[in-house]
Amino acid sequence: MGDFYTYFLDHLPDVWSGLWVTLAATVLGSAAALALAFVFGFTAHGGGVLLRGTSRVVVEFFRGTSLYVQLFWLYYAFPLLFGYELSPLFCGVVAFGMNYGAYGSEVVRGALNAVPRAQWEAAVALNMTPAQRMRRVILPQAWVQMIPSFTNLLIQLLKCTPLLWLISAADLTTVVQRMRDRTGETTWAYLTLLVMYFVLAYALTLLMNALERRAKARLGLRTGAAGGPRPVEASATTAGGSL
């Protein structure tokens, strides 16, 4: 134990460097996943037949293939086919974005479908354009329903970042693994790694919970005594703000 933590403290710059790579992969990968989730989700919900079909094929492909294989393909096969080598971090961001964006698109599609039909009809009756209906009425209500599922996907993405070790990225897992090799302290190395990932996951959970509370407050929902959300007012004007 003492040998590992002495070595750990002596090499804190390496730990911070690995932590930075892990956070960068998580943040950039989740941003790419969120953007693709909305693109594919909106397309699957309201696009034409060709767009819906294309979106369905892309989503099912990335949901149905292994993230492990996707990472290896981008890092090892892509350069052989196109003659251009991608950095490990970039490969991770692209793979995480496409894989989790595919799962997230189903969250978006399901949340849009869950908005009561009366809300869509009320927005049409108020003579809103399609963009106004989505931005001011539908999306605020759907967004609240998306956040819990997005939180789960974000935590899962964080827990997949150790796969970057397989393509030579110097992430947090790689750094601690090297320390374990140098000191021979397997138990304390992996225990430390478990605690660090738990802290990161818990921090992200708190952040997403705060975002969910803010989204509910803007929509006019509050938490009742039993802990569940209770609507203060449910109408097109509430969802979109004052018209």
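**Figure 1. Surroundings of Ser105 in the predicted model.** Beyond the neighbours within four places in sequence, Ser105 is in contact with Ala37, Phe40, Gly41 and Val59. The model shown here and in the other views is predicted. Ser105 belongs to helix 5. Its relative accessibility is 2%, so Ser105 counts as buried.

**Figure 2. Crossing of helix 4 and helix 5.** Helix 4 spans residues 67-82 and helix 5 spans residues 88-114. Their axes come within 9 Å and cross at roughly 140°. Angles over 145 degrees would count as roughly antiparallel; helix 4 and helix 5 are therefore oblique to each other. The crossing of helix 4 past helix 5 is right-handed. On the helix 4 side, the contact is made by Leu67, Gln70, Leu71, Leu74 and Tyr75. These meet Pro88, Cys91, Gly92, Val94, Ala95, Phe96, Asn99 and Tyr100 of helix 5. Sorted by class, the contact of helix 4 with helix 5 has 10 nonpolar residues, 3 polar residues and no charged residues.

**Figure 3. Packing of helix 7 and helix 9.** The view shows helix 7, residues 130-160, and helix 9, residues 186-219. The two axes come within 9 Å and cross at roughly 175°. An angle over 145 degrees counts as roughly antiparallel, and helix 7 and helix 9 are therefore roughly antiparallel to each other. Helix 7 contributes Pro140, Gln141, Trp143, Val144, Ile147, Pro148, Phe150, Thr151, Leu154, Ile155 and Leu158 to the contact. Helix 9 contributes Tyr197, Leu200, Ala201, Leu204, Thr205, Met208, Leu211, Glu212, Ala215, Lys216 and Leu219. By class, this contact of helix 7 with helix 9 has 17 nonpolar, 3 polar and 2 charged residues.

Figure 4. A pair of aromatic rings is described by the distance of the centres and the angle of the planes. The count comes to 15 aromatic pairs, with ring centres within 6.5 Å as the criterion. One of the pairs is formed by Phe61 and Phe62, with 5.1 Å centre to centre and 90° between the planes. The pair of Phe61 and Phe62 is edge-to-face. Phe62 has a relative accessible area of 17% and is buried. For Trp143 and Phe150, the ring centres are 6.1 Å apart and the planes are at 50°, so the pair is tilted. Trp143 is partly exposed, at a relative accessible area of 24%, whereas Phe150 counts as buried at 9% relative accessibility. Phe4, Tyr5, Phe8 and Trp188 form one aromatic cluster.

Figure 5. Thr173 is found in helix 8, which covers residues 172-183. With a relative accessible area of 11%, Thr173 is buried. When neighbours within four places in sequence are left aside, the contacts of Thr173 are with Pro162, Leu193 and Tyr197.

**Figure 6. Position of Thr187 relative to Phe4.** Thr187 is found in helix 9 and is exposed, with a relative accessible area of 59%. Thr187 and Phe4 are 183 residues apart along the chain, and their C-alpha atoms are separated by 9.8 Å. Phe4 is one of the residues in the aromatic cluster with Tyr5, Phe8 and Trp188.

**Figure 7. Position of Ala122 relative to Arg133.** Ala122 lies in helix 6, residues 117-125. Its relative accessible area is 28%, and Ala122 is partly exposed. A separation of 9.3 Å is found between the C-alpha atoms of Ala122 and Arg133, which are 11 residues apart along the chain.

**Figure 8. The chain as a whole, for orientation.** The protein chain has 10 helices and 2 strands. Read along the sequence, the pattern is α-α-α-α-α-α-α-α-α-β-β-α. Of the 243 residues in the protein chain, 40% are buried. Among contacts between residues at least 6 apart in sequence, 73% join residues at least 24 apart.

How values were computed. Residues are numbered from 1 along each chain as its sequence is written. This is a predicted model: local features need pLDDT of at least 70, side-chain atom pairs count only at pLDDT 80 or more; totals for chains, interfaces and linings use all residues. Side-chain values use heavy atoms; hydrogens and water are left out. Axes are lines fitted to C-alpha atoms, for helices over the stretch in contact, and angles run from 0 to 180 degrees between N-to-C directions. Helices (H or I, at least four residues) and strands (E, at least two) are DSSP runs, numbered from the N terminus. Angles under 35 degrees count as roughly parallel, over 145 as roughly antiparallel, 65 to 115 as roughly perpendicular and the rest as oblique. A crossing is left-handed if the near helix is turned anticlockwise from the far one by less than a right angle, and right-handed if clockwise. Contact means heavy atoms within 4.5 Å. Ala, Val, Leu, Ile, Met, Phe, Trp, Tyr, Cys and Pro count as nonpolar, Asp, Glu, Lys and Arg as charged, and the others, Gly among them, as polar. Buried means under 20% relative accessible area, exposed over 50%, partly exposed in between (1.4 Å probe, protein chains only). Rings of Phe, Tyr and Trp (its six-membered ring) pair if their centres lie within 6.5 Å; planes under 30 degrees apart count as stacked, over 60 as edge-to-face and the rest as tilted.
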